[in-house]
Amino acid sequence: MSNPLSDNDPNQEECQEDDMTPADLIAKLEEAWLNEKFSPELLANQAEVVECVMEQLTHMEANLQRVKKGDPKASIHRMEIDRIRFVLCSYLRSRLQKIEKFYPHVLEKEKSRSKGEPALLSPEEFAFAKEYAANTESHLKSVALSHMPPILQTLDMLKAVPAPCLDSFVFLRVKESQENILVEPETDDQREYVVDLEEGSQHLMRYRTIAPLISSGAAQLI
Amino acid sequence: MDPSEVEFLAEKELVKIIPNFNLDKLYLIGGDLGPFNPGLPLYVPVWLALNLKQRQKCRVVPPDWMDVEKLEEMRELERNAATFTPAPCPYYMELTKLLLNHASDNIPKADEIRTLVKDIWDTRIAKLRLSADSFITQQEAHAKLDNLTLMEINTIRGFLLESLNCMYKLRSNLQPGSSKGPLADY
Amino acid sequence: MFCEKAVELIRELQRISDGQLPAFNEDGVRQVLQEMEALYEHNQADVNETKSEQRADLLPSIRLRHCCLLRNQRCVGAYLYDRLLRIRALRWEYGSVLPANVRFHMSAEELQWFTCYKKSLASFMRSLGGGGGLDVTQDMRPPKSLYIQVRCVKDHGELEIDDGTLVLLKKNSQHFLPRWKCEHLIRQGILEHVVH
């Protein structure tokens, strides 16, 4: 084939879980991006999606290298690559930010996770989080804690660093209808009640109430 | 969320264009596009339409709702309804801005459209402020927000969520180490 | 008053807006640590006296001093930690090389923390995508696939656009170029954006 952009390359099997097309993959990345952006806590990692998207990008870049100069298709592909790369980087940045901000809690949650549960952190993120923790704690120790009286030379970082506030309000759109979602009262003179969340409807409520719907994919933060 | 990010999402919407050039089908990662034939209309994402338009490679066909009569109707409907009527399009504000800024010569009565969309937006934002106000004063725990667009939600997001969280903290009188730790709570 | 120095450290950070880093207050930190040492020694002595001479009346002052110790520890911890968060933000704002006036405000240990942070971040980015790497500090804003009108401020030679066309950037010439291609040239002062 003389033009590397003119055929749909099927050579990406390793990354195609359940017949996901590249378009589905991008949609999945965008969903993960918005969820991560708006969720107060770090969500389970989507390392597979990240890896597959990166593979798509690398593949496309390689094709572009082989394209004749002046091919008007190249600039359009490049624009698309830029758009996808932005979402990917922005997604990974939101995660890094939360990993740093909540590192003792993130590491604790990862440690106490049972075997079957999906990993909170990707292997790369886990390595980063451990280094960040060690670096930060050794700084506190060498500058201050080691010069304090013996009983005060440790600081429980789980207590010292604020945990994510799961009671934050969030906006969400429902993707699969849900019945009987319990809404807890805001004040003592109110009563708890249940709501039905219809497919396609949008809501404002506490993250804690709907967190399971976000991780299962039944709702999307907006 | 930065407004530029909402605009970024709006740019994924499809818009009809009439190209003046020939180009084979494109196999983008996000799906196939084209082929492009001079004079033959086709749908492309807004980000591509605007790029082609700027390089004078196409004419943009305004979306159906971007029409003075239709928008006038919607404005009346919106003004008379107590709740939010369905928006002309999930990204009506951003698309109006993008298309009118970069392809206004392809849109009949562009100035009137700009004013009408602004009127609809203002009416909706006024309603949104009122409902946000009552949400806070009633200390509600849940609100249904059907028909609100992302850009509309985004205009009150920061202020509303911040206020709600602040009030929550005042009410719940947190103990150190429960949710806010001493390193941030001095 | 006990803890006054410690609270002063916190105030110092609170006075200065989030994105900025005041000079490291080495003296302030040392004074708090000294106060802690004195409080601790005093308490040690009182605790011994309580035990040996049954002086229960000393207990309230022991407790007071202990609270002050905890408060001092908490304030110094918060002071150091908040500074790290500011330094972290600077990495994202300025890139891996901080301007001299910022470095000047950092302690030797903070510079070391920063070096480690940079290293961790770099190896995280290198390890992404099965070792292919991805610089997540780029692409901070959504791309704009739009063209802009620019004027050449000085001769720069040829510029290749993504579709392969070459544009000669000659002083005073005007061009219609993809924005993402000119942004760094605008920052370098080679091009200027013509606003109509």
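This short talk describes selected helices, strands and contacts of the structure shown above.

Good morning. The model is predicted, so local features are taken only at pLDDT of at least 70 and side-chain atom pairs only at pLDDT 80 or more, while totals for chains, interfaces and linings use all residues. Residues are numbered from 1 along each chain as its sequence is written, and chains are lettered from A, with ligands numbered from 1, in the order in which they are written.

I begin with the domains of chain C. Domain 1 covers 4-127 and domain 2 covers 147-193; these bounds come from an automatic or database domain assignment. The centres of the two domains of chain C, taken over C-alpha atoms, are separated by 49 Å.

Next, helix α5 of chain C. Helices here are DSSP runs of H or I with at least four residues, strands are runs of E with at least two, and both are numbered from the N terminus. α5(C) spans residues 108-127, which makes 20 residues. From first C-alpha to last it reaches 29 Å, close to the 28 Å expected at 1.5 Å a residue; the expected span is 1.5 Å times one less than the number of residues.

Which residues of α5(C) are buried? They are Glu110(C), Trp113(C), Phe114(C), Tyr117(C), Leu121(C), Phe124(C) and Met125(C). A residue is buried if 20 or more other C-beta atoms lie within 10 Å of its own, exposed if 12 or fewer, and partly exposed in between, with C-beta atoms placed from the backbone. Seen down the axis of α5(C), the buried residues fall within an arc of 100°, so they line one face of the helix. The arc is that of the directions from the helix axis to the C-beta atoms. An α-helix has 3.6 residues a turn, so residues three or four places apart point the same way. On the other side of α5(C), Ala108(C) and Thr115(C) are exposed. The cover over the buried residues includes α5 (123-143) of chain A and α3 (59-94) of chain C. Just after α5(C), Gly129(C) has a positive phi of about 60°.

Helix α3 of chain C is also where Leu59(C) is placed. Leu59(C) counts as exposed because it has 12 C-beta neighbours inside 10 Å. Leu59(C) and Tyr79(C) lie 20 residues apart in sequence and 30 Å apart in space, C-alpha to C-alpha.

I turn to the contact between chains C and A. Each chain is represented in it: 36 residues come from chain C and 36 residues from chain A. Two residues are in contact if their C-beta atoms, placed from the backbone, lie within 7 Å. On the side of chain C, α2 (26-53), α3 and α5 each supply at least two residues. The largest share, 8 residues, comes from α3(C).

Finally, the strands of chain C. Strand β1 (residues 147-152) runs antiparallel to β4 (residues 174-178), joined by 5 bridges; strands pair if DSSP finds at least two bridges between them. Gln149(C) has Phe176(C) in β4(C) as its bridge partner. β1(C) also runs antiparallel to β5 (residues 191-193), with 3 bridges, and there Arg151(C) stands opposite Glu192(C).

In helix α2 (residues 46-54) of chain B, 8 of 9 residues are buried, including Trp47(B) and Leu50(B). Just after α2(B), Gln56(B) takes a positive phi of about 55°. Thank you.
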